[in-house]
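This briefing covers one structure, by topic. Please look over the sequence and the model before reading on.

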Amino acid sequence: MIELEVPVTRIVDARGSFCPGPLMELIRAIREGQVGDVIAVYSSDTGSKTDIPKWVEKAGHRLVDLEARDGYDAIVVEKRR
């Protein structure tokens, strides 16, 4: 299987921030960005791995990836509208 890597436009490092901080930082990045931008959120808050994907779906954007890393999650989102 060939994996296509999506280039990240912006990284939001919200490690150490607690709910709803990482989600609010993503929302700000989405508002500031352009359609097609790919934003990676780094979050050490365990709720982010469920809260952010739910918001992304509700808001009409696309969840590209959610990866557990050493001590945090990397959540990658594409701005769709």
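Pro20 lies in the loop between strand E1 (10–13) and helix H1; helices (H or I, at least four residues) and strands (E, at least two) are DSSP runs, numbered from the N terminus. This is a predicted model, in which local features need pLDDT of at least 70 and side-chain atom pairs count only at pLDDT 80 or more, while totals for chains, interfaces and linings use all residues. Residues are numbered from 1 along each chain as its sequence is written, and side-chain values use heavy atoms, with hydrogens and water left out.

- The peptide bond that joins Cys19 and Pro20 is cis, with omega at about 5 degrees.
- Asp45 sits in the loop between E2 and H2.
- Asp45 counts as buried because its relative accessibility is 12%; buried means under 20% relative accessible area, exposed over 50%, and partly exposed in between (1.4 Å probe, protein chains only).
- Asp45 and Pro20 are 25 residues apart in sequence, and their C-alpha atoms are 9.1 Å apart in space.
- Not counting residues up to four places away in sequence, Asp45 touches Ser17, Phe18, Cys19 and Pro22, where contact means heavy atoms within 4.5 Å.

**Nonpolar cores**

- A nonpolar core is a set of buried Ala, Val, Leu, Ile, Met, Phe, Trp, Tyr and Cys residues joined through side-chain atoms within 4.5 Å.
- The largest such core has 14 residues, and those with the most contacts inside it are Leu26, Ile39, Val41, Ile52, Trp55 and Val77.
- Two or more residues of this core come from each of helix H1 (21–32), E2, helix H2 (48–59) and E4.
- H1 gives the largest share of this core, 5 residues.
- Another core, of 6 residues, lies apart from it, and among its members are Val38, Ala40, Tyr42 and Tyr72.
- Leaving aside neighbours within four places in sequence, Val41 is in contact with Val12, Pro22, Leu26, Ile52, Asp73, Ala74 and Ile75.

**Aromatic pair and the charge over it**

- The structure holds 1 aromatic pair; rings of Phe, Tyr and Trp (its six-membered ring) pair if their centres lie within 6.5 Å, and planes under 30 degrees apart count as stacked, over 60 as edge-to-face and the rest as tilted.
- The pair is formed by Tyr42 and Tyr72 and is tilted, at 5.3 Å centre to centre and 55 degrees between the planes.
- It links distant parts of the chain, with Tyr42 in strand E2 (residues 38–43) and Tyr72 in strand E4 (residues 72–78), 30 residues apart.
- Both Tyr42 and Tyr72 are buried.
- Arg15 lies over the face of Tyr72, at 4.5 Å from the ring centre; a charge sits over a ring if NZ of Lys or CZ of Arg is within 6 Å of the ring centre and within 35 degrees of the ring normal.

**Salt bridges**

- The structure holds 5 salt bridges, each defined as a side-chain nitrogen of Lys or Arg within 4 Å of a carboxyl oxygen of Asp or Glu.
- Arg15 also meets Asp13 in a salt bridge (2.6 Å, N to O).
- Arg15 is partly exposed, at 41% relative accessibility, and Asp13 is partly exposed too, at 44%.
- The side chains of Arg62 and Glu78 form a salt bridge (2.7 Å, N to O).
- This pair links distant parts of the chain: Arg62 is in strand E3 and Glu78 in strand E4, 16 residues apart.
- Arg62 is partly exposed, with a relative accessible area of 30%, whereas Glu78 is buried, with 16%.
- Arg62, Glu78 and Arg80 are linked in a network of salt bridges.
- In the salt bridge of Arg69 with Glu67, the closest N and O atoms are 3.5 Å apart.

**The segment after E4**

- Lys79 has its place in the segment after E4.
- Lys79 is buried yet has no salt bridge, and the nearest side chain of opposite charge, Asp37, is 6.6 Å away; Lys and Arg count as positive and Asp and Glu as negative, while His and the chain ends are not counted.
- Not counting residues up to four places away in sequence, Lys79 touches Ile30, Arg31, Gly33, Gln34, Val35, Gly36, Asp37 and His61.
- Gly60, in the loop between H2 and strand E3 (62–69), is in contact with Arg80 and Arg81, leaving aside its neighbours within four places in sequence.
- Gly60 counts as partly exposed because its relative accessibility is 36%.
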